[in-house]
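Take a look at the structure below. The text after it walks through the two chains, one part at a time.

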Amino acid sequence: MSGLWRILAREAGLAWAGGGGAAGPTAFFLACITLGPLAIGAESETLVTVGPGIMGISALLAVLQFGERSFADDFFDGTLELYALSTVSLPVLAFAKVMGQAIATLWALPLIGALGSMMYGLGGSEILVVFCGLLSAIPALALVAGFASALSAGVRRGGLLISLIAIPMMIPVLVFAAGAGRAALDGDFDRAWATVLLTLAVSLGTSALMPFGIAAAMRSRLG
Amino acid sequence: MTDCALFSRTSPLLQCTVFALTSAWKLGDMPSMTNETASIPDLSDLEAQSLSVSGLALKRGDFILREDISFALNPGDALFLTGRNGSGKTTLLRTLAGFLPPAEGHIQLGKSSDPAELIAWLGHTDGLKPNETLRKSLRFWSGMAGQPGKVIMPVLKALDIGHLIDRPPARMSRGQQRRGAMARLAVMNRPFWLMDEPAGPLDRAGRDRLGKLVAWHRSRGGIVIAATHQDLDWAGAQRLELGGGL
């Protein structure tokens with residue numbers, strides 16, 4: 001087993017067992033989409049229109065929650081130093097760590113997104129687009145949240161900093177992920193699937209570049 | 001015993017010179033091996049490595065903490081970093097580990113260009129996850145260092161915490177957690193052990209176990225550097241006095 005897989009498996013296990021697993025972000029997501037109709041009103045036409053957007057925003061906020069403890073714990077318990085001295089290079093390590101945590105804590109978000117779309121009255125193929133849009137958005141969202149988390153590790157009230165750093169960087173992902181659902185609502189499925197692919201492209205680009213940012217942030221926290 | 005023969009090869013000559021700093025040497029008996037620590041099996045031999053530091057200056061933020069630190073260590077050597085609070089012991093350790101860039105001077109740690117992979121680190125925190133049992137965390141770290149997992153139990157037994165292997169650190173005492181962190185150094189099988197206050201929360205028996213583990217590591221040609229306030233009697237350990245706090 002290579003170092004990358006070891007770290008991914010360890011971080012997934014730690015997030016699953018220690019941090020309550022998927023419960024936190026899932027509960028947050030559910031709360032957001034349940035509160036939506038209460039605030040907006042129950043007209044089914046309005047709800048269908050805002051459905052994909054609400055799913056996108058809720059997923060984004062739920063991922064921010066995930067960022068809060070991602071690197072802060074490593075900073076305080078000394079794991080950061082041990083990782084820095086490991087045989088795996090820091091960018092690879094950062095990627096494996098964030099992905100491991102994301103798999104353990106965020107796996108339920110696309111499912112809840114599909115469930116929520118059903119609640120908001122979207123049709124079958126539209127629900128599938130929302131599901132795929134969220135699924136392809138999550139790697140990018142998690143890596144951005146991880147970057148903000150690494151930058152703010154060891155800072156008191158880091159949650160505020162994480163939101164301020166991560167939200168602007170998450171905007172493109174939100175635009176694409178929610179845009180796919182909106183295009184599907186308009187009946188333009190070519191554009192919808194193209195936008196899902198764009199979301200996936202953003203995730204892949206983020207996976208290639210963001211680990212270097214996270215690694216630099218980790219190094220700066222060691223000094 | 002082969003271990004002692006190995007150790008005598010690297011008799012503690014005064015290879016450590018410290019300019020602008022006071023230095024004192026403690027020469028003692030050869031470390032006596034016990035059956036427990038001598039019998040940790042299955043670890044591949046350590047590659048002999050040495051460390052030389054010349055003209056090193058330590059920086060904390062904008063101001064220079066210490067200047068002109070020079071010393072050299074050979075396989076089997078141990079070095080205590082002593083000095084008051086704030087004298088730069090931890091900063092020196094972190095600089096040696098590469099976490100902080102040296103303000104001036106040069107560190108040659110081993111022959112490799114990437115010294116990080118030669119260092120086993122025990123900071124002032126233990127590096128344990130509260131809900132991860134010792135079995136899982138030691139498996140992870142020994143695997144990361146490319147070492148077999150079957151050495152874990154003998155090492156834990158040598159530290160007298162074999163019975164804690166399946167207990168999460170959240171339900172251990174501070175001293176037990178410290179011993180768990182020390183086990184990580186041993187199973188990673190790396191030549192340089194950098195330790196920050198290794199004996200902090202340890203009781204008397206724990207300090208003895210630590211001493212034996214360190215003697216075992218040195219007998220295999222390993223190098224140990226420890227920042228400490230406590231009187232640890234490691235045979236033939238050198239001492240680098242960093243002086244008063246700034």
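The model is predicted.

Start with chain A. Its secondary structure consists of 10 helices and 0 strands. Read from the N terminus, the order is α-α-α-α-α-α-α-α-α-α. Along the principal axes, the C-alpha atoms occupy a box of roughly 55 × 35 × 30 Å. Does that extent fit a compact globule or depart from one? For 223 residues, the globule rule gives a radius of gyration near 17 Å. Chain A comes out at 18 Å, so it agrees with the rule.

Of its 223 residues, 52% are buried. Take the contacts in chain A with a separation of 6 or more: 82% of them join residues 24 or more positions apart.

Now pick one helix, H6 of chain A, residues 90-106.

A:Ala72 lies in helix H4 of chain A, residues 72-77. Is A:Ala72 buried or exposed? It has 21 C-beta neighbours inside 10 Å. Burial requires 20 or more, so A:Ala72 counts as buried. Which residues touch it, apart from neighbours within four places in sequence? The contacts of A:Ala72 are A:Ser149, A:Ala153, A:Gly154 and A:Gly158. A:Val155 makes a further point about distance. It is 83 residues from A:Ala72 in sequence, yet the two C-alpha atoms are 8.3 Å apart in space.

Move to chain B. Here there are 7 helices and 9 strands. Of its 246 residues, 44% count as buried. Among the contacts in chain B with a separation of 6 or more, 77% are between residues 24 or more positions apart.

One sheet in chain B deserves a walk-through. It is an open sheet of 3 strands, in the order E3-E2-E5, and the pairing is antiparallel. Which strands stand at the edges? They are E3 and E5 (104-109) of chain B. Each has a single partner strand, so one side of each is left without a neighbour in the sheet. From one strand to the next, the twist averages 30°.

B:Ser52 stands opposite B:Ala72 in E3(B). B:Leu58 stands opposite B:Arg66 in E3(B). The hairpin of E2(B) and E3(B) has 2 residues between the strands, and B:Gly61 takes a positive phi near 65° there.

A helix accompanies this sheet. H3 of chain B, residues 89-96, lies across E2, E3 and E5 of chain B. It runs at about 120° to E2(B).

Positive phi turns up in loops of chain B as well. B:Asp160 has a phi of about 65° although it is not a glycine. It is found in the loop between helix H5 (152-158) and helix H6 (174-188) of chain B. With 15 other C-beta atoms within 10 Å, B:Asp160 is partly exposed. B:Glu197 has a positive phi of about 50°, and it is not a glycine either. Its loop runs between strand E7 (192-196) and helix H7 (204-219) of chain B. B:Glu197 is partly exposed, with 18 other C-beta atoms within 10 Å.

Last comes the contact between the chains.

Note on methods:
Residues are numbered from 1 along each chain as its sequence is written. Chains are lettered from A and ligands numbered from 1 in the order in which they are written. This is a predicted model: local features need pLDDT of at least 70, side-chain atom pairs count only at pLDDT 80 or more; totals for chains, interfaces and linings use all residues. Two strands pair if DSSP finds at least two bridges between them. Helices (H or I, at least four residues) and strands (E, at least two) are DSSP runs, numbered from the N terminus. The expected span of a helix is 1.5 Å times one less than its number of residues. The radius of gyration is taken over C-alpha atoms; the globule rule is 2.2 Å times the number of residues to the power 0.38. A residue is buried if 20 or more other C-beta atoms lie within 10 Å of its own, exposed if 12 or fewer, and partly exposed in between; C-beta atoms are placed from the backbone. Two residues are in contact if their C-beta atoms, placed from the backbone, lie within 7 Å. Axes are lines fitted to C-alpha atoms, for helices over the stretch in contact, and angles run from 0 to 180 degrees between N-to-C directions.
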